[in-house]
Amino acid sequence: MPRLTEAEYDALEDEITRNPPDVDPTKSRHPVRMIAVDDFSADWLRIKADAAHTSVGQIVHSMVRDRIAAAH
(Lines give C-alpha, C1' and ligand atoms only; values in the text may rest on other atoms or scores of the structure.)
Protein backbone atom coordinates (compact mmCIF):
# COMPACT_ATOMS: atom_id res chain seq x y z
CA MET A 1 0.00 0.00 0.00
CA PRO A 2 1.46 3.38 -0.93
CA ARG A 3 2.32 5.82 1.80
CA LEU A 4 0.10 8.90 2.02
CA THR A 5 1.59 12.36 1.96
CA GLU A 6 0.62 14.72 4.77
CA ALA A 7 -1.78 16.56 2.43
CA GLU A 8 -3.38 13.28 1.27
CA TYR A 9 -3.78 12.14 4.87
CA ASP A 10 -5.44 15.44 5.81
CA ALA A 11 -7.78 15.21 2.80
CA LEU A 12 -8.71 11.62 3.67
CA GLU A 13 -9.33 12.55 7.30
CA ASP A 14 -11.58 15.44 6.22
CA GLU A 15 -13.48 13.19 3.80
CA ILE A 16 -14.09 10.52 6.46
CA THR A 17 -15.11 13.16 9.00
CA ARG A 18 -17.64 14.68 6.57
CA ASN A 19 -18.89 11.26 5.38
CA PRO A 20 -18.55 8.70 8.16
CA PRO A 21 -19.07 5.06 7.14
CA ASP A 22 -22.56 3.64 7.60
CA VAL A 23 -22.60 1.16 10.47
CA ASP A 24 -25.31 -1.48 10.64
CA PRO A 25 -26.10 -2.02 14.34
CA THR A 26 -26.91 -5.69 13.63
CA LYS A 27 -23.31 -6.16 12.50
CA SER A 28 -21.71 -3.96 15.14
CA ARG A 29 -19.34 -6.72 16.21
CA HIS A 30 -17.73 -6.66 12.78
CA PRO A 31 -15.21 -3.83 12.41
CA VAL A 32 -15.40 -1.46 9.44
CA ARG A 33 -12.22 -1.90 7.41
CA MET A 34 -10.80 0.46 4.85
CA ILE A 35 -8.07 -0.13 2.31
CA ALA A 36 -6.30 2.33 0.05
CA VAL A 37 -6.01 1.55 -3.66
CA ASP A 38 -4.63 3.50 -6.57
CA ASP A 39 -6.94 5.51 -8.84
CA PHE A 40 -6.88 2.88 -11.62
CA SER A 41 -7.97 0.10 -9.23
CA ALA A 42 -10.65 2.28 -7.63
CA ASP A 43 -12.08 3.22 -11.04
CA TRP A 44 -12.04 -0.41 -12.20
CA LEU A 45 -13.84 -1.58 -9.04
CA ARG A 46 -16.42 1.21 -9.34
CA ILE A 47 -17.08 0.35 -13.02
CA LYS A 48 -17.48 -3.38 -12.20
CA ALA A 49 -19.83 -2.57 -9.31
CA ASP A 50 -21.94 -0.21 -11.44
CA ALA A 51 -22.19 -2.79 -14.22
CA ALA A 52 -23.28 -5.49 -11.75
CA HIS A 53 -25.62 -3.11 -9.86
CA THR A 54 -23.83 -3.94 -6.62
CA SER A 55 -21.34 -2.37 -4.22
CA VAL A 56 -17.56 -2.19 -4.48
CA GLY A 57 -17.37 -4.20 -1.26
CA GLN A 58 -19.38 -7.01 -2.82
CA ILE A 59 -17.10 -7.04 -5.87
CA VAL A 60 -14.02 -7.32 -3.64
CA HIS A 61 -15.72 -10.01 -1.54
CA SER A 62 -16.52 -12.03 -4.67
CA MET A 63 -12.96 -11.69 -5.99
CA VAL A 64 -11.48 -12.86 -2.68
CA ARG A 65 -13.89 -15.80 -2.47
CA ASP A 66 -12.99 -16.82 -6.06
CA ARG A 67 -9.28 -16.71 -5.24
CA ILE A 68 -9.77 -18.77 -2.09
CA ALA A 69 -11.83 -21.36 -3.97
CA ALA A 70 -9.23 -21.55 -6.75
CA ALA A 71 -6.44 -22.13 -4.22
CA HIS A 72 -8.07 -25.31 -2.93
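**Exercise 1. The R18 pair**

Is R18 buried or exposed? Work this out on the predicted model, then describe the salt bridge that R18 forms.

*Solution.* Start with the accessibility. R18 has a relative accessible area of 57%. The cut-off for exposed is over 50%, so R18 is exposed.

Next, look for the partner. The salt bridge of R18 is with E15, and their closest N and O atoms lie 3.1 Å apart. A salt bridge needs a side-chain nitrogen of Lys or Arg within 4 Å of a carboxyl oxygen of Asp or Glu.

Now place the pair on the chain. Both E15 and R18 belong to helix 1, which covers residues 6-18. They sit three residues apart, about one turn of the helix.

**Exercise 2. Counting salt bridges**

Find how many salt bridges the model has, and characterise the one that involves R46.

*Solution.* Recall the general idea: side chains of opposite charge can pair when their charged atoms come close. The count here comes to two salt bridges.

For R46, the partner is D43, with 3.0 Å between the closest N and O atoms. R46 and D43 are separated by about one helical turn, because they are three residues apart in helix 2.

Check the exposure of each in turn. R46 has a relative accessible area of 44% and is therefore partly exposed. D43, with 39%, is partly exposed.

**Exercise 3. The overall layout**

Describe the secondary structure of the chain and how much of the chain is buried.

*Solution.* Begin with the elements. The protein chain has three helices and zero strands. Read from the N terminus on, the order is α-α-α.

Of the 72 residues, 6% count as buried. The chain exposes about 6,900 Å², and carbon and sulfur atoms supply 56% of that area.

**Exercise 4. Helix 2 against helix 3**

Determine how helix 2 and helix 3 are arranged, and list the residues through which they meet.

*Solution.* Two packed helices are described by the angle between their axes and the distance between the axes. Take both for this pair: the axes of helix 2 (residues 39-52) and helix 3 (residues 56-71) come within 8 Å and cross at roughly 100°. Helix 2 is therefore roughly perpendicular to helix 3, as angles from 65 to 115 degrees count that way.

Now collect the contacts. Helix 2 contributes W44, L45, R46, K48, A49 and A52, while helix 3 contributes V56, I59, V60 and M63. Sorted by class, this contact has eight nonpolar, no polar and two charged residues. One of the residues listed, R46, is the salt-bridge partner of D43.

**Exercise 5. The loops**

Examine H53 and T54 in the loop between helix 2 and helix 3, then P21 in the loop between helix 1 and helix 2.

*Solution.* Take H53 to begin with. Its phi is near 55°, a positive value in a residue other than glycine. The relative accessibility of H53 is 75%, so H53 counts as exposed.

Move on to T54. With 28% relative accessibility, T54 counts as partly exposed. Leaving aside residues up to four places away in sequence, T54 touches A49 and I59. Both A49 of helix 2 and I59 of helix 3 are also among the residues where these two helices meet.

Finally, consider P21. At 44% relative accessibility, P21 counts as partly exposed. P21 and M34 are 13 residues apart in sequence, and their C-alpha atoms are 9.7 Å apart in space.

Key: Residues numbered from 1 in each chain as written. Predicted model: local features only at pLDDT ≥ 70, side-chain atom pairs only at ≥ 80, totals over all residues. Heavy atoms only, no water. Axes fitted to C-alpha atoms, helices over the stretch in contact; angles between N-to-C directions. Helix = DSSP H or I, 4+ residues; strand = E, 2+ residues; numbered from the N terminus. Parallel < 35°, antiparallel > 145°, perpendicular 65-115°, else oblique. Contact = heavy atoms within 4.5 Å. Nonpolar A, V, L, I, M, F, W, Y, C, P; charged D, E, K, R; others polar. Buried < 20%, exposed > 50% of the residue type's maximum accessible area, 1.4 Å probe, protein only. Areas by Shrake-Rupley, 256 points an atom, 1.4 Å probe, with all protein chains shown as cover.
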